[in-house]
Amino acid sequence: MSLPFEDETYSVSALCEEVRDLLQQAYPEVWVAGEVNRIREHRSGHFYFELIEKGDSDQITGKLEAVAWRNDYRRIKQVLAASQQAIAEGQTIRCRGRVDFYAPFGRLQFVVREVDPVFTLGMQARRRRETLEALSKAGLLERNSSLTLPELPMKIGLVTSHESAAYHDFLSSLRESGYGFQVIFVHAAVQGRDAERELVSAIESLGRSEVDCLALIRGGGSRSDLAVFDSRAVAEAIAKVPTPVLTGLGHEIDQSIADLTSHTAFKTPTKVAEFLVERVQIAERRVIDSGRALSRASLELLRRGREALGRAERG
């Protein structure tokens with residue numbers, strides 16, 4: 001004998017639709033601030049990522065799947081580009097959108113319509129200020145610049161992304177000089193989720209090698225592209241490495257914190273290479289000049305000796 005159900009029974013799709021409608025009524029459009037994580041740009045032009053929040057121990061305490069549909073993402077990119085920004089992993093953004101429940105996947109997601117560029121710049125400025133204050137308090141801002149750079153820096157530690165334009169430009173400039181530079185290269189991502197960890201590891205690894213100096217380089221980019229070089233972890237690695245660090249990070253306006261903690265900062269990777277070549281040229285000229293001076297002094301001694309011998313013979 002079957003008993004009738006007393007309570008209403010939803011189909012899966014009906015319940016999903018009701019959940020979606022309730023969410024859209026409760027949160028028609030809201031602003032949300034969070035850290036960008038796990039970026040994925042689909043070939044269709046849609047932009048998928050996570051918005052996360054971390055607690056004191058750096059554990060994730062909240063997470064939202066987020067998406068910016070193609071047309072919205074195109075407009076967001078244009079707005080951010082006007083202030084040399086782009087959405088990047090690890091960046092904290094403030095965005096406006098609506099909460100949606102996508103029934104076929106049973107997935108809650110935040111549909112982003114707008115990103116506030118002023119908020120992001122403000123967060124970057126605050127973090128930069130706090131990082132510089134912490135480094136200064138720890139006595140790390142001028143630690144690397146106090147190291148002595150060898151007059152003949154022939155053994156160079158290179159940190160950048162393998163096969164990047166910066167990598168090729170730097171090595172080409174050294175090769176074209178004709179000097180026998182020895183370059184020990186360690187790859188590191190220069191943007192993205194792995195960049196901070198890989199840069200710190202590469203700097204520390206080369207710091208244990210017997211190199212004359214380190215070159216930390218990358219090509220140009222937006223403020224967001226260069227965000228990892230404002231990282232406290234990267235700055236501390238530069239400050240604590242027992243080898244002079246030369247930076248060439250392709251920026252045109254602001255110096256990064258990595259620049260400020262390095263021994264010497266240059267605008268581009270090529271400028272770093274040119275500096276090293278010029279330093280070797282100066283050392284070479286000193287050797288040549290010393291050789292010429294020694295030769296002149298020797299000839300003068302010989303001349304005086306002959307004159308003295310001549311006088312002795314005549315007397």
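Which residues does Glu-196 touch, not counting residues up to four places away in sequence? Keep that in mind while we walk through the model.

1. **Ground rules.** This is a predicted model, in which local features need pLDDT of at least 70 and side-chain atom pairs count only at pLDDT 80 or more, while totals for chains, interfaces and linings use all residues. Residues are numbered from 1 along each chain as its sequence is written, and side-chain values use heavy atoms, with hydrogens and water left out.

2. **Back to Glu-196.** Glu-196 touches Val-228, Ser-231, Ala-233 and Val-234, leaving aside residues up to four places away in sequence; a contact here means heavy atoms within 4.5 Å. Glu-196 sits in helix H5. Helices (H or I, at least four residues) and strands (E, at least two) are DSSP runs, numbered from the N terminus. Glu-196 counts as partly exposed because its relative accessibility is 38%; buried means under 20% relative accessible area, exposed over 50%, and partly exposed in between (1.4 Å probe, protein chains only). The C-alpha atoms of Glu-196 and Asp-230 are 9.9 Å apart, although 34 residues separate the two along the chain.

3. **Helix H6.** Ser-231, one of the residues that Glu-196 touches, caps the N-terminal end of H6, with a side-chain oxygen 3.1 Å from the backbone nitrogen of Ala-233. A polar contact is a pair of N or O atoms within 3.5 Å; within protein, one must be able to donate a hydrogen and the other to accept it, and residues adjacent in sequence count only if both atoms are side-chain atoms. Buried residues in H6 are Val-234, Ala-235, Ala-237, Ile-238 and Ala-239. The buried residues of H6 pack against helix H3 (117-137), H5, E8, strand E9 (245-248) and helix H7 (257-261).

4. **The core.** The largest nonpolar core has 23 residues, and Leu-199, Ile-203, Leu-216 and Phe-229 have the most contacts inside it. Such a core is a set of buried Ala, Val, Leu, Ile, Met, Phe, Trp, Tyr and Cys residues joined through side-chain atoms within 4.5 Å. Helix H5 (195-207), strand E8 (213-217) and helix H6 (232-240) each supply at least two residues of this core, and the largest share, six residues, comes from H5. Phe-229 has contacts that include Leu-199, Leu-216 and Ile-257, not counting residues up to four places away in sequence.

5. **The parallel sheet.** Five strands form an open sheet in the order E7-E6-E8-E9-E10, with parallel pairing; two strands pair if DSSP finds at least two bridges between them. Strand E7 (182-187) and strand E10 (264-266) are the edges, each pairing on one side only. E8 and E9 are joined by four bridges, and Leu-216 has Thr-247 in E9 as its bridge partner. H5 packs on the sheet, touching E6, E7 and E8, and its direction makes about 170° with that of E6. Axes are lines fitted to C-alpha atoms, for helices over the stretch in contact, and angles run from 0 to 180 degrees between N-to-C directions.

6. **Antiparallel strands.** Strand E1 (residues 30-41) runs antiparallel to strand E4 (residues 92-102), joined by six bridges. E4 is also antiparallel to strand E5 (residues 107-115), through eight bridges. In the hairpin of E4 and E5, Gly-106 takes a positive phi near 60°.

7. **A buried glutamine.** Is Gln-91 buried or exposed? Gln-91 counts as buried because its relative accessible area is 8%. Gln-91 lies in the loop between helix H2 (70-81) and E4, and its contacts include Glu-35, Thr-120 and Ser-224.
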